[in-house]
Amino acid sequence: MAETKTIKFHIRRYDPKKDKEPYFKTYDVPFQPGMVVLDALHYIRENYDPSLAWRYSCRMGVCGSCGMLINGSPTLACNTQVATLGGTEITIAPLPNFDIVKDLVPELSKMFEKHVAVSPFIVRDEKELDDEKGEYYQTEHQLEQYLQLTYCIRCGCCMAACPTLATDPDYLGPMPLSQAHRYNVDTRDGGRKTRNEKTGSSHGAFKCHFAGECSRVCPKGADPAKAIQHMKRQLVFDFLHLIKNQKPCEKQHGPGNEPKKDVPPAPPYTV
Amino acid sequence: MKETKYWTGHILAGAALLFLLGFHFIYTHIAFLFGTEDNITESLSKGRDAQPVFLVFFIALLGLGLYHGLYGLKNILSELITCENCRKIVAIILTVVGILLFAFGSYSSFVAHKNATGMKNTVSRLEVNNG
(Lines give C-alpha, C1' and ligand atoms only; values in the text may rest on other atoms or scores of the structure.)
Protein backbone atom coordinates (compact mmCIF):
# COMPACT_ATOMS: atom_id res chain seq x y z
CA MET A 1 0.00 0.00 0.00
CA ALA A 2 1.35 3.42 -0.96
CA GLU A 3 2.43 5.69 1.88
CA THR A 4 0.35 8.86 2.47
CA LYS A 5 2.24 11.98 1.54
CA THR A 6 2.71 14.40 4.43
CA ILE A 7 2.85 18.17 4.04
CA LYS A 8 4.59 20.38 6.60
CA PHE A 9 2.56 23.49 7.40
CA HIS A 10 4.56 26.33 8.98
CA ILE A 11 1.91 28.53 10.55
CA ARG A 12 2.52 31.90 12.12
CA ARG A 13 0.99 31.98 15.57
CA TYR A 14 0.33 35.03 17.69
CA ASP A 15 -1.94 35.60 20.65
CA PRO A 16 -1.63 39.23 21.77
CA LYS A 17 -2.73 38.22 25.29
CA LYS A 18 0.11 35.70 25.73
CA ASP A 19 2.83 36.26 23.15
CA LYS A 20 5.25 39.14 22.87
CA GLU A 21 6.02 38.44 19.21
CA PRO A 22 4.59 36.23 16.47
CA TYR A 23 6.34 32.90 15.95
CA PHE A 24 6.11 29.97 13.53
CA LYS A 25 4.90 26.51 14.52
CA THR A 26 5.09 23.46 12.25
CA TYR A 27 2.37 20.82 11.83
CA ASP A 28 2.41 17.64 9.71
CA VAL A 29 -0.78 17.15 7.71
CA PRO A 30 -1.51 14.05 5.59
CA PHE A 31 -2.17 15.06 2.00
CA GLN A 32 -5.39 14.07 0.25
CA PRO A 33 -6.24 14.74 -3.39
CA GLY A 34 -8.42 17.81 -3.78
CA MET A 35 -7.34 19.18 -0.41
CA VAL A 36 -7.41 22.96 -0.05
CA VAL A 37 -5.45 24.96 2.53
CA LEU A 38 -8.63 25.52 4.53
CA ASP A 39 -9.02 21.71 4.91
CA ALA A 40 -5.48 21.52 6.27
CA LEU A 41 -6.23 24.23 8.83
CA HIS A 42 -9.31 22.29 9.95
CA TYR A 43 -7.17 19.16 10.27
CA ILE A 44 -4.64 21.01 12.42
CA ARG A 45 -7.32 22.41 14.71
CA GLU A 46 -9.03 19.04 15.10
CA ASN A 47 -5.87 16.96 15.60
CA TYR A 48 -3.15 19.21 17.05
CA ASP A 49 -4.24 22.57 18.41
CA PRO A 50 -7.86 23.66 18.96
CA SER A 51 -6.67 27.19 19.79
CA LEU A 52 -5.55 27.92 16.20
CA ALA A 53 -7.61 30.87 14.98
CA TRP A 54 -8.57 31.91 11.45
CA ARG A 55 -11.64 33.39 9.80
CA TYR A 56 -13.77 31.54 7.24
CA SER A 57 -17.37 31.16 6.21
CA CYS A 58 -18.55 30.05 2.76
CA ARG A 59 -15.69 27.66 1.83
CA MET A 60 -16.16 28.42 -1.89
CA GLY A 61 -14.43 31.74 -2.62
CA VAL A 62 -17.49 33.92 -2.28
CA CYS A 63 -17.46 35.51 1.19
CA GLY A 64 -13.84 36.71 1.21
CA SER A 65 -13.27 35.79 4.88
CA CYS A 66 -10.31 33.41 4.60
CA GLY A 67 -7.75 35.71 2.99
CA MET A 68 -4.25 34.87 4.22
CA LEU A 69 -0.62 34.88 3.14
CA ILE A 70 0.09 31.45 1.64
CA ASN A 71 3.70 30.86 0.57
CA GLY A 72 4.21 34.64 0.50
CA SER A 73 1.21 35.44 -1.67
CA PRO A 74 -2.09 36.87 -0.36
CA THR A 75 -4.93 34.58 -1.43
CA LEU A 76 -8.00 32.71 -0.22
CA ALA A 77 -7.40 29.53 1.80
CA CYS A 78 -10.60 27.94 0.50
CA ASN A 79 -9.60 28.51 -3.12
CA THR A 80 -6.00 27.29 -2.92
CA GLN A 81 -5.38 23.64 -3.72
CA VAL A 82 -2.47 22.24 -1.71
CA ALA A 83 -1.38 20.22 -4.79
CA THR A 84 -0.97 23.38 -6.88
CA LEU A 85 1.43 24.92 -4.34
CA GLY A 86 4.03 22.22 -5.03
CA GLY A 87 6.63 20.92 -2.60
CA THR A 88 6.06 19.42 0.81
CA GLU A 89 6.30 22.60 2.89
CA ILE A 90 3.74 25.40 3.01
CA THR A 91 4.06 28.62 4.98
CA ILE A 92 0.93 30.41 6.15
CA ALA A 93 0.77 33.83 7.80
CA PRO A 94 -1.94 36.46 8.32
CA LEU A 95 -2.46 39.13 5.65
CA PRO A 96 0.23 41.83 5.87
CA ASN A 97 -0.65 45.55 6.13
CA PHE A 98 -3.27 44.70 8.77
CA ASP A 99 -3.13 44.45 12.54
CA ILE A 100 -3.47 40.91 13.87
CA VAL A 101 -6.40 39.93 16.08
CA LYS A 102 -5.05 36.42 16.68
CA ASP A 103 -3.00 33.87 14.67
CA LEU A 104 -4.31 34.16 11.08
CA VAL A 105 -7.13 36.63 11.80
CA PRO A 106 -6.46 40.13 10.44
CA GLU A 107 -8.18 43.25 11.78
CA LEU A 108 -10.21 44.39 8.76
CA SER A 109 -12.20 47.21 10.36
CA LYS A 110 -9.85 49.95 9.13
CA MET A 111 -10.25 48.69 5.56
CA PHE A 112 -14.02 48.78 5.87
CA GLU A 113 -13.91 52.29 7.38
CA LYS A 114 -12.01 53.43 4.28
CA HIS A 115 -14.51 51.58 2.11
CA VAL A 116 -17.45 53.35 3.75
CA ALA A 117 -15.67 56.72 3.45
CA VAL A 118 -15.82 56.62 -0.37
CA SER A 119 -19.64 56.14 -0.44
CA PRO A 120 -19.65 52.73 -2.16
CA PHE A 121 -23.25 52.93 -3.37
CA ILE A 122 -25.29 54.68 -6.05
CA VAL A 123 -25.89 58.25 -4.94
CA ARG A 124 -29.27 59.47 -6.19
CA ASP A 125 -32.25 61.38 -4.99
CA GLU A 126 -34.27 58.95 -2.79
CA LYS A 127 -37.60 60.16 -4.20
CA GLU A 128 -36.45 59.55 -7.74
CA LEU A 129 -35.26 56.04 -6.85
CA ASP A 130 -38.74 55.13 -5.59
CA ASP A 131 -40.47 56.68 -8.58
CA GLU A 132 -41.88 53.93 -10.82
CA LYS A 133 -41.77 55.93 -14.02
CA GLY A 134 -39.10 53.70 -15.59
CA GLU A 135 -35.72 52.12 -15.04
CA TYR A 136 -32.07 53.08 -15.32
CA TYR A 137 -31.27 51.56 -18.68
CA GLN A 138 -27.60 50.85 -19.45
CA THR A 139 -26.00 49.64 -22.64
CA GLU A 140 -23.64 46.65 -22.57
CA HIS A 141 -20.72 49.01 -23.06
CA GLN A 142 -21.76 51.08 -20.04
CA LEU A 143 -22.07 47.91 -17.97
CA GLU A 144 -18.62 46.71 -19.03
CA GLN A 145 -17.06 49.88 -17.62
CA TYR A 146 -17.58 48.62 -14.07
CA LEU A 147 -18.72 44.98 -14.28
CA GLN A 148 -15.40 43.33 -13.32
CA LEU A 149 -15.13 45.58 -10.25
CA THR A 150 -18.47 44.27 -8.96
CA TYR A 151 -16.81 40.86 -8.51
CA CYS A 152 -14.82 42.25 -5.56
CA ILE A 153 -15.53 40.28 -2.35
CA ARG A 154 -13.57 42.63 -0.01
CA CYS A 155 -11.21 39.85 1.06
CA GLY A 156 -8.34 42.32 1.57
CA CYS A 157 -5.80 40.41 -0.56
CA CYS A 158 -5.18 43.50 -2.73
CA MET A 159 -4.66 45.63 0.39
CA ALA A 160 -2.16 43.08 1.72
CA ALA A 161 -0.20 43.08 -1.55
CA CYS A 162 -0.06 46.89 -1.91
CA PRO A 163 3.47 48.29 -1.38
CA THR A 164 2.13 51.83 -0.92
CA LEU A 165 -0.16 50.76 1.90
CA ALA A 166 2.84 49.14 3.59
CA THR A 167 4.50 52.54 4.01
CA ASP A 168 1.40 54.72 4.38
CA PRO A 169 -1.34 53.12 6.53
CA ASP A 170 -3.64 56.09 5.82
CA TYR A 171 -3.56 55.45 2.07
CA LEU A 172 -7.06 54.44 0.97
CA GLY A 173 -5.79 51.33 -0.80
CA PRO A 174 -6.83 49.36 -3.89
CA MET A 175 -10.15 47.98 -2.64
CA PRO A 176 -11.82 51.26 -1.53
CA LEU A 177 -10.40 53.17 -4.51
CA SER A 178 -11.50 50.61 -7.09
CA GLN A 179 -14.93 50.43 -5.47
CA ALA A 180 -15.19 54.23 -5.60
CA HIS A 181 -14.30 54.02 -9.30
CA ARG A 182 -16.89 51.26 -9.79
CA TYR A 183 -19.62 53.75 -8.78
CA ASN A 184 -17.97 56.77 -10.44
CA VAL A 185 -18.23 55.14 -13.86
CA ASP A 186 -21.75 53.82 -13.28
CA THR A 187 -24.05 55.97 -15.42
CA ARG A 188 -26.77 55.75 -12.75
CA ASP A 189 -24.59 57.39 -10.12
CA GLY A 190 -24.44 61.07 -9.23
CA GLY A 191 -21.90 61.04 -6.40
CA ARG A 192 -18.58 61.34 -8.24
CA LYS A 193 -17.91 64.92 -7.14
CA THR A 194 -18.42 63.97 -3.48
CA ARG A 195 -16.15 60.94 -3.84
CA ASN A 196 -13.49 63.05 -5.58
CA GLU A 197 -12.96 64.95 -2.32
CA LYS A 198 -11.79 61.71 -0.69
CA THR A 199 -10.15 59.93 -3.62
CA GLY A 200 -8.28 63.08 -4.71
CA SER A 201 -6.86 63.77 -1.23
CA SER A 202 -3.21 63.34 -0.23
CA HIS A 203 -3.89 59.71 0.79
CA GLY A 204 -5.99 58.99 -2.29
CA ALA A 205 -5.52 57.70 -5.82
CA PHE A 206 -2.38 59.75 -6.60
CA LYS A 207 -0.42 57.79 -4.00
CA CYS A 208 -0.64 54.70 -6.21
CA HIS A 209 2.44 54.23 -8.37
CA PHE A 210 1.05 51.31 -10.31
CA ALA A 211 3.01 48.39 -8.90
CA GLY A 212 0.08 46.26 -10.07
CA GLU A 213 0.38 43.68 -7.27
CA CYS A 214 -3.26 44.22 -6.27
CA SER A 215 -4.46 43.04 -9.68
CA ARG A 216 -2.04 40.12 -9.72
CA VAL A 217 -3.25 38.66 -6.42
CA CYS A 218 -6.99 39.37 -6.76
CA PRO A 219 -8.70 35.96 -6.35
CA LYS A 220 -11.73 37.18 -8.33
CA GLY A 221 -9.72 38.40 -11.33
CA ALA A 222 -10.64 42.07 -10.88
CA ASP A 223 -8.16 44.76 -11.94
CA PRO A 224 -8.03 47.42 -9.21
CA ALA A 225 -4.70 48.82 -10.47
CA LYS A 226 -6.24 49.70 -13.83
CA ALA A 227 -9.29 51.18 -12.12
CA ILE A 228 -7.05 53.47 -10.03
CA GLN A 229 -5.19 54.71 -13.14
CA HIS A 230 -8.55 55.48 -14.79
CA MET A 231 -9.61 57.23 -11.62
CA LYS A 232 -6.49 59.44 -11.70
CA ARG A 233 -7.34 60.48 -15.25
CA GLN A 234 -10.93 61.17 -14.28
CA LEU A 235 -9.83 63.27 -11.27
CA VAL A 236 -7.56 65.41 -13.47
CA PHE A 237 -10.27 65.80 -16.14
CA ASP A 238 -12.81 66.74 -13.48
CA PHE A 239 -10.41 69.31 -12.04
CA LEU A 240 -9.86 70.84 -15.48
CA HIS A 241 -13.63 70.70 -16.19
CA LEU A 242 -13.03 68.54 -19.27
CA ILE A 243 -15.83 66.05 -18.60
CA LYS A 244 -18.93 67.38 -20.33
CA ASN A 245 -21.68 65.01 -19.20
CA GLN A 246 -21.80 65.54 -15.44
CA LYS A 247 -25.40 64.44 -14.92
CA PRO A 248 -26.26 60.81 -14.18
CA CYS A 249 -28.62 59.06 -16.58
CA GLU A 250 -32.34 59.48 -16.05
CA LYS A 251 -34.94 56.80 -15.68
CA GLN A 252 -36.31 55.59 -18.97
CA HIS A 253 -37.93 52.59 -20.55
CA GLY A 254 -35.23 50.45 -22.18
CA PRO A 255 -35.77 48.42 -25.36
CA GLY A 256 -38.32 45.66 -24.82
CA ASN A 257 -39.43 47.20 -21.55
CA GLU A 258 -41.89 49.77 -22.81
CA PRO A 259 -44.46 50.93 -20.26
CA LYS A 260 -47.23 48.37 -19.89
CA LYS A 261 -50.81 49.51 -20.01
CA ASP A 262 -53.54 48.57 -17.54
CA VAL A 263 -51.14 47.43 -14.85
CA PRO A 264 -52.88 47.51 -11.48
CA PRO A 265 -51.10 49.57 -8.78
CA ALA A 266 -48.94 47.71 -6.28
CA PRO A 267 -50.66 46.80 -3.00
CA PRO A 268 -49.85 49.01 -0.01
CA TYR A 269 -46.91 48.09 2.21
CA THR A 270 -47.83 45.70 5.00
CA VAL A 271 -44.79 46.39 7.16
CA MET B 1 -8.96 67.61 -4.08
CA LYS B 2 -5.81 69.47 -3.00
CA GLU B 3 -3.60 66.65 -4.25
CA THR B 4 -5.51 66.62 -7.56
CA LYS B 5 -4.48 70.25 -8.04
CA TYR B 6 -0.81 69.51 -7.37
CA TRP B 7 -0.88 66.35 -9.50
CA THR B 8 -2.53 68.16 -12.43
CA GLY B 9 0.16 70.85 -12.15
CA HIS B 10 2.81 68.12 -12.13
CA ILE B 11 1.40 66.52 -15.32
CA LEU B 12 0.96 69.86 -17.12
CA ALA B 13 4.45 70.99 -16.08
CA GLY B 14 5.83 67.71 -17.46
CA ALA B 15 4.05 68.25 -20.78
CA ALA B 16 5.26 71.88 -20.98
CA LEU B 17 8.81 70.79 -20.13
CA LEU B 18 8.80 68.43 -23.11
CA PHE B 19 8.29 71.41 -25.42
CA LEU B 20 10.55 73.86 -23.58
CA LEU B 21 13.42 71.41 -23.13
CA GLY B 22 12.93 70.19 -26.69
CA PHE B 23 13.22 73.76 -27.95
CA HIS B 24 16.23 74.41 -25.73
CA PHE B 25 18.10 71.33 -26.95
CA ILE B 26 17.27 71.85 -30.61
CA TYR B 27 18.05 75.57 -30.57
CA THR B 28 21.14 75.48 -28.39
CA HIS B 29 22.82 72.12 -28.75
CA ILE B 30 21.86 70.46 -32.00
CA ALA B 31 21.27 73.49 -34.23
CA PHE B 32 24.47 72.56 -36.10
CA LEU B 33 22.61 69.59 -37.54
CA PHE B 34 20.49 72.01 -39.52
CA GLY B 35 23.48 73.80 -40.96
CA THR B 36 23.42 76.84 -38.69
CA GLU B 37 26.45 77.91 -36.65
CA ASP B 38 27.21 76.74 -33.11
CA ASN B 39 24.79 78.39 -30.70
CA ILE B 40 26.76 77.93 -27.50
CA THR B 41 29.41 80.61 -28.00
CA GLU B 42 29.55 83.30 -25.31
CA SER B 43 28.51 86.11 -27.62
CA LEU B 44 25.46 84.23 -28.91
CA SER B 45 24.53 83.20 -25.38
CA LYS B 46 24.70 86.84 -24.27
CA GLY B 47 22.72 87.79 -27.33
CA ARG B 48 19.95 85.44 -26.20
CA ASP B 49 20.12 86.81 -22.66
CA ALA B 50 19.46 90.29 -24.03
CA GLN B 51 16.13 89.26 -25.57
CA PRO B 52 13.06 89.55 -23.25
CA VAL B 53 11.45 86.47 -24.83
CA PHE B 54 14.41 84.35 -23.72
CA LEU B 55 14.20 85.84 -20.22
CA VAL B 56 10.59 84.61 -20.01
CA PHE B 57 11.64 81.28 -21.53
CA PHE B 58 14.44 80.71 -18.99
CA ILE B 59 12.25 81.63 -16.01
CA ALA B 60 9.41 79.40 -17.26
CA LEU B 61 11.83 76.51 -17.79
CA LEU B 62 13.28 77.02 -14.31
CA GLY B 63 9.89 77.25 -12.57
CA LEU B 64 8.31 74.31 -14.35
CA GLY B 65 11.44 72.17 -13.99
CA LEU B 66 11.72 72.90 -10.28
CA TYR B 67 8.03 72.22 -9.64
CA HIS B 68 7.98 69.00 -11.66
CA GLY B 69 11.22 67.69 -10.17
CA LEU B 70 10.61 68.63 -6.55
CA TYR B 71 7.01 67.40 -6.53
CA GLY B 72 8.25 64.08 -7.95
CA LEU B 73 10.98 63.97 -5.30
CA LYS B 74 8.39 64.69 -2.58
CA ASN B 75 6.30 61.75 -3.79
CA ILE B 76 9.29 59.42 -3.78
CA LEU B 77 10.37 60.54 -0.30
CA SER B 78 6.85 60.19 1.07
CA GLU B 79 7.02 56.51 0.03
CA LEU B 80 10.20 56.04 2.03
CA ILE B 81 9.19 58.04 5.11
CA THR B 82 6.60 56.32 7.27
CA CYS B 83 6.04 59.11 9.84
CA GLU B 84 3.25 61.51 8.80
CA ASN B 85 4.79 64.55 10.55
CA CYS B 86 8.18 63.86 8.90
CA ARG B 87 6.41 63.78 5.52
CA LYS B 88 4.96 67.22 6.20
CA ILE B 89 8.36 68.57 7.26
CA VAL B 90 9.97 67.18 4.08
CA ALA B 91 7.20 68.77 1.98
CA ILE B 92 7.79 72.15 3.67
CA ILE B 93 11.58 71.90 3.23
CA LEU B 94 11.22 71.03 -0.46
CA THR B 95 8.77 73.93 -0.98
CA VAL B 96 11.16 76.39 0.67
CA VAL B 97 14.13 75.01 -1.29
CA GLY B 98 12.10 75.28 -4.50
CA ILE B 99 11.09 78.89 -3.82
CA LEU B 100 14.68 79.87 -2.92
CA LEU B 101 16.11 78.21 -6.04
CA PHE B 102 13.44 79.82 -8.19
CA ALA B 103 14.15 83.25 -6.68
CA PHE B 104 17.91 82.82 -7.13
CA GLY B 105 17.55 81.50 -10.69
CA SER B 106 15.13 84.27 -11.68
CA TYR B 107 17.42 86.91 -10.15
CA SER B 108 20.39 85.47 -12.09
CA SER B 109 18.39 85.55 -15.32
CA PHE B 110 17.41 89.18 -14.69
CA VAL B 111 21.00 90.17 -13.95
CA ALA B 112 22.22 88.35 -17.08
CA HIS B 113 19.48 90.05 -19.10
CA LYS B 114 20.36 93.45 -17.65
CA ASN B 115 24.10 93.00 -18.28
CA ALA B 116 23.55 91.67 -21.78
CA THR B 117 21.18 94.54 -22.61
CA GLY B 118 23.65 97.08 -21.21
CA MET B 119 26.50 95.55 -23.20
CA LYS B 120 24.38 95.47 -26.36
CA ASN B 121 23.58 99.19 -25.95
CA THR B 122 27.27 100.00 -25.38
CA VAL B 123 28.26 98.03 -28.50
CA SER B 124 25.54 99.84 -30.49
CA ARG B 125 26.74 103.24 -29.22
CA LEU B 126 30.38 102.38 -30.08
CA GLU B 127 29.31 101.26 -33.54
CA VAL B 128 27.40 104.53 -34.04
CA ASN B 129 30.36 106.61 -32.78
CA ASN B 130 32.85 104.71 -34.99
CA GLY B 131 30.58 104.50 -37.93
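Across the interface of chain A and chain B, the rule finds 1 salt bridge, a term that denotes a side-chain nitrogen of Lys or Arg within 4 Å of a carboxyl oxygen of Asp or Glu. A:Asp168 forms a salt bridge with B:Arg87, and their closest N and O atoms are 3.6 Å apart. The model is predicted, so that local features need pLDDT of at least 70 and side-chain atom pairs count only at pLDDT 80 or more, while totals for chains, interfaces and linings use all residues. Residues are numbered from 1 along each chain as its sequence is written, chains are lettered from A and ligands numbered from 1 in the order in which they are written, and side-chain values use heavy atoms, with hydrogens and water left out.

The same interface also holds 6 residue pairs in polar contact, both residues being at pLDDT 80 or more. A polar contact is a pair of N or O atoms within 3.5 Å; within protein, one must be able to donate a hydrogen and the other to accept it, and residues adjacent in sequence count only if both atoms are side-chain atoms. On the side of chain A that touches chain B, helix H7 (163–167), helix H9 (192–199) and helix H11 (224–239) of chain A each supply at least two residues. The largest share, 4 residues, comes from H11(A). Helices (H or I, at least four residues) and strands (E, at least two) are DSSP runs, numbered from the N terminus. By class, this side of chain A has 5 nonpolar, 8 polar and 5 charged residues. Here Ala, Val, Leu, Ile, Met, Phe, Trp, Tyr, Cys and Pro count as nonpolar, Asp, Glu, Lys and Arg as charged, and the others, Gly among them, as polar.

Chain A and chain B bury about 1400 Å² between them, 59% of it on carbon and sulfur atoms. Buried area is the accessible area (1.4 Å probe) that two parts lose on being put together, summed over both. In chain A, the residues that lose the most area to chain B are A:Thr167, A:Phe206 and A:Phe239, together 40% of what that side buries.

Within chain A, there is a division into domain 1 (7–106) and domain 2 (109–239), with bounds that come from an automatic or database domain assignment. The contact between them takes 13 residues from domain 1 of chain A and 16 residues from domain 2 of chain A, where contact means heavy atoms within 4.5 Å. The two domains of chain A bury about 1000 Å² between them, 61% of it on carbon and sulfur atoms. In domain 1 of chain A, A:Pro74, A:Asn97 and A:Phe98 lose the most area to domain 2. Between these domains the count is 0 salt bridges, but 4 residue pairs are in polar contact.

Individual residues complete the picture. A:His181 lies in helix H8 (residues 174–184) of chain A and is buried, with a relative accessible area of 4%. Buried means under 20% relative accessible area, exposed over 50%, and partly exposed in between (1.4 Å probe, protein chains only). Most residues other than glycine have a negative phi. A:Asp103, although not a glycine, has a positive phi of about 45°; A:Asp103 is also buried, with a relative accessible area of 2%. A:Arg154 likewise has a positive phi, of about 55°, and is partly exposed, with a relative accessible area of 23%.
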